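Let's take a look at this model, starting with its pocket and then moving on to its strands.

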Amino acid sequence: MKRVLRKGGTLAFWAYKDHVFVDSPRATDILNRYAYSDSEELLGPYWSQPGRSRVQNKLRDINPPPDDWEDVQRIEYEPDTKGPRSGTGTMFLSKKITLGDCMKYIRTWSSFHAWQEANPAAQSRQQGGNGDVVDDMFDAMRSEETSWQLGAWEEKEVEIEWGTGLLLARKR
């Protein structure tokens, strides 16, 4: 970036990590276990590294060299499970989402796509299969979150927030 950006120009990196169910700590714990466990049956081993760890760390391992950059700022948000906006820092990204749409969102993750390649026989229940890792994840969540067990649970709306990291610097 030093070579491309003119003097006084701004460098801005933004990243968001996995969401948190702000009113559902048990579901959030299950999400984290499925997303980051070392078990090859779950999603953890399928993330690209070191990129994923940098995002999870909210870009803290990126340090613009002080000889080339000034006015370095970091703006972060770490969500919590004590309700909306209960996290620490400046929130950038939140959403009300149905559980069914949340399952679809998780199926867009690169780790899920890599897991699918490693488990081609596993099909989601929605596709007529016996279930995939996302179906299993939400089964585990629903067993812990009693309000998620009622009626057409896929239509239940939940509030989620993402942890974010913004790194800003000005070229000397």
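## The largest pocket

Which helix gives the most to the lining of the largest pocket? That's helix 3, with four residues. Keep in mind that this is a predicted model.

As for volume, the largest pocket holds about 230 Å³ of space. Its lining is made up of 14 residues, and Gly-100, Met-103, Arg-107, Gln-126 and Glu-154 are the ones closest to the centre. Helix 3 (99-106) and helix 5 (133-144) are the elements that each give two or more residues to that lining.

## What the lining is made of

Now for strand 5, which spans residues 157-171 and is mostly covered, with 13 of its 15 residues buried. In a regular strand, side chains alternate between the two faces of the sheet.

Strand 5 pairs with several other strands. Strand 1 (residues 10-21) runs antiparallel to strand 5, and ten bridges link the two; Val-20, for instance, has Glu-161 of strand 5 as its bridge partner. Strand 2 (residues 69-78) also pairs with strand 5 in the antiparallel sense, here over seven bridges. Look for Gln-73, which sits opposite Leu-168 in strand 5.

Then there's strand 4 (residues 94-98), joined to strand 5 by five bridges, again antiparallel. Here Lys-95 is the residue standing opposite Ile-160 of strand 5.

Technical notes: Residues numbered from 1 in each chain as written. Predicted model: local features only at pLDDT ≥ 70, side-chain atom pairs only at ≥ 80, totals over all residues. Heavy atoms only, no water. 1 Å grid on protein atoms, 1.4 Å probe; cavity = no way out; pocket = protein on both sides within 12 Å on 5 of 7 lines; lining within 4 Å. Points joined across faces, edges and corners; volume = space filled by probe spheres on them. Buried < 20%, exposed > 50% of the residue type's maximum accessible area, 1.4 Å probe, protein only. Pairing = 2+ DSSP bridges.
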